[in-house]
2 protein chains.
Amino acid sequence: MLALAAARLGFDVAILTPEADSPASRVAAHTLVANYGDEQALAELAKLCAVVTFEFENVPAAVVAGLQAAGAEVAPGPKALAIAQDRVLEKSFLNQIGVPTVGFHQVDTVADLTAGLDLLGAPALLKTRRQGYDGKGQVWVRTVSEAEAALESLGGGDCILEARAAFVREVSVIAVRNRSGAFAAYPLAENVHENGVLRVSTVPANVPPETETAAFAMARKLVDGLDYVGVIGVEMFDMGDGRLWVNEFAPRVHNTGHWTLDACQVDQFEQHIRAIANWPLGPTTPFAAAEMTNLLGAEVETWAELAAEPDARLWLYGKRDAKPGRKMGHVTRLKGRFPTTGGA
Amino acid sequence: MLALAAARLGFDVAILTPEADSPASRVAAHTLVANYGDEQALAELAKLCAVVTFEFENVPAAVVAGLQAAGAEVAPGPKALAIAQDRVLEKSFLNQIGVPTVGFHQVDTVADLTAGLDLLGAPALLKTRRQGYDGKGQVWVRTVSEAEAALESLGGGDCILEARAAFVREVSVIAVRNRSGAFAAYPLAENVHENGVLRVSTVPANVPPETETAAFAMARKLVDGLDYVGVIGVEMFDMGDGRLWVNEFAPRVHNTGHWTLDACQVDQFEQHIRAIANWPLGPTTPFAAAEMTNLLGAEVETWAELAAEPDARLWLYGKRDAKPGRKMGHVTRLKGRFPTTGGA
């Protein structure tokens, strides 16, 4: 979807991917099939591109730093990537700049975990510090007696324990910042996850305007603090009493922003391209309320029914293998005019 | 833009083009660089594709027939293409099915031209029967004394003489028909040409509802008559007294429909892909009034200003060489809510 947005604006796209037949390569001018660490491929990418970006936060930060060393312009930079890749760094950074998160405790040993449970209360969520997404690499720990087995199941260390957040809803901000420091954000999405995987995003979120204002302020603090360039997805817990806690951020376009493709004049993908290419940002005001539903695994087989719904806008990703739970596409249902002026 | 629309719906695209570095090839999974008549390339295309289409009406109709013979599904079929390629056939066919056109006369000799001027009145427009677009291959003939030189300038024969139409405006219908015979049309666009090249399309056109209804009925007669599958662009002269004359039709997506990219949920490109893939058609009701302006030649250099206009939606085609008058991109300015329910 980033490649499609770039093509619309007249850019040629080169893709570096370890995957031989990737959906992105089918809509890009050049493809380099190589591992992220392949120095020859990275040198070629640096030579081909006026600016390099990524859409996957587990690209090693060292690779991005290496591209920069090779003279490539990279956005977002390695700082945001390095911080986002480590849940302890991420939450520490957020708290440092005054953005609240759930309580957390670094866990390298069973003793750390026991201390963490004592500090944060049980049950609490044990996660690997690195990798893991869509609910992978995490386990609830209900009692001290489960501590050893839980830590063992996640590799024995290099973990983070997170307090349970009794939130009333999950929301996210899709924000964008360009090289000049200009900032914009789309209206808050309200998100429902199932088994750790995003199922539905609804816009507008069912929150009062002051909650949205607070969420935008937190997103702005974050991107300014990171000196960030591009689109960022910031997931938050709405505690229902005016408090918002950031759960995590993704230094890339975000699944909870896919609704912008069909409900906004400028979607998150074009915003990202505009930001990294140092173009002016586009408007973020939707013209319709929207509900985006992911098509997981075999659900993609319902495409014919979805294509026949007049207000359903269908995206199919062209992934070859509809493995259970895999994100194969999404559908956005437009729900009439957007009720507020929205945007930031 | 067709390739981008197909990618969104999960299709892989293969392009056959005589151009080595074409914009379409940069967003397609496969590219065959070959002349349209290259039999080996056509056989490969037939093998690669579930359905073949074209976006250029001067692809030889024999090539399309050949693809069909090789077992390929082709839409639109060779009939529409063959008729659209010959201005005499085109106007004769339209009149046969009860769709009015300007008066015309087939011209193979100077005597034909003289007789035509007598029949249709002077000045009249002499055009080549085949090829020629964007104002190329045509010349006004004001008097009989100019007849010989005029015909010579267009190759000495194989021409058509067209009566001057004292129209008040040029309008166009972008219509679509799928394999099941379902029909839809976007609201009428009002078009301004300069030197034979489209400059601006405005939607809605400044016409009463009955004119739009009549235009849709003519477009429907045409696509039913052709047993057409896909999007078609039908250009008409609005005579200002309730009469509409078809000027010509293009058996493809059409420049006067580019506004649909940014003012409709389903644009003409996705409609075309839906129609040829035998999907249900999408809605044709715009959510905004729109004005589309072509960026010709060096005008594309204004992209930075256009990108900064909040209600301007920019498309740049990635053509390498901004030759004078060449269509390098377009910009659509959204003009608030669409004032009518629109569509067909």
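This is a predicted model: local features need pLDDT of at least 70, side-chain atom pairs count only at pLDDT 80 or more; totals for chains, interfaces and linings use all residues.

Reply: Strands of a sheet pair through backbone hydrogen bonds, either parallel or antiparallel. In chain A, four strands form an open sheet with antiparallel pairing, in the order E3-E6-E4-E5. Its edge strands are E3 (104-107) and E5 (138-141) of chain A, each of which pairs on one side only. Direction ignored, neighbouring strands of this sheet are turned by 25° against each other on average.

Me: Which helix packs on the sheet, and which strands does that helix touch?

Reply: Helix H6 (residues 110-120) of chain A packs there, touching E3, E4, E5 and strand E6 (159-163) of chain A. The direction of H6 makes about 175° with that of E3(A).

Me: How many bridges join E4 and E5 of chain A?

Reply: Strand E4 (residues 124-128) of chain A pairs with E5(A) over four bridges, in the antiparallel sense. In chain B, strand E4 (residues 124-128) and strand E5 (residues 138-141) run antiparallel and are joined by four bridges. There, B:Leu125 has B:Trp140 of E5(B) as its bridge partner. E4(B) also pairs with strand E6 (residues 159-163) of chain B, antiparallel and over five bridges; B:Leu126 has B:Leu161 in E6(B) as its partner.

Me: Where does a residue with positive phi occur in the hairpin of E9(A) and E10(A)?

Reply: That hairpin has two residues between its strands, and A:Asn195 takes a positive phi near 50°. The strands concerned, E9(A) and E10 (residues 197-203) of chain A, run antiparallel and are joined by five bridges. Within this pairing, A:Asn191 stands opposite A:Ser201 in E10(A). Strand E9 (residues 189-194) of chain A also pairs with strand E7 (residues 169-177) of chain A, antiparallel and over three bridges, with A:Ser172 opposite A:Ala189.

Me: How is chain A divided into domains?

Reply: Chain A comprises domain 1 (2-84), domain 2 (103-163) and domain 3 (169-337). The C-alpha centres of domain 2 and domain 3 of chain A lie 29 Å apart. The chain as a whole has 11 helices and 15 strands.

Me: What rotation superposes chain B on chain A?

Reply: Two copies of a chain are related by a rotation about an axis and a shift along it. Here a rotation of 180°, with 0.0 Å of shift along its axis, superposes chain B on chain A with an RMSD of 0.0 Å. That is the relation of a two-fold axis. B:Val27 is the residue of chain B that comes closest to the rotation axis, its C-alpha lying at 1.9 Å.

Me: Which elements supply the side of chain B that touches chain A?

Reply: In the interface, 26 residues of chain B are in contact with 26 residues of chain A. Helix H1 (2-8), helix H11 (303-308), strand E14 (312-316) and strand E15 (327-337) of chain B each supply at least two residues of that side. E14(B) gives the largest share, four residues. By class, this side has 17 nonpolar, four polar and five charged residues. The copies meet through the same surface, because 100% of the interface residues of chain B are also interface residues in chain A.

Key
Residues are numbered from 1 along each chain as its sequence is written. Chains are lettered from A and ligands numbered from 1 in the order in which they are written. Two strands pair if DSSP finds at least two bridges between them. Axes are lines fitted to C-alpha atoms, for helices over the stretch in contact, and angles run from 0 to 180 degrees between N-to-C directions. Two residues are in contact if their C-beta atoms, placed from the backbone, lie within 7 Å. Copies are superposed by least squares on the C-alpha atoms of residues with pLDDT of at least 70 in both. Ala, Val, Leu, Ile, Met, Phe, Trp, Tyr, Cys and Pro count as nonpolar, Asp, Glu, Lys and Arg as charged, and the others, Gly among them, as polar. Domain bounds come from an automatic or database domain assignment.
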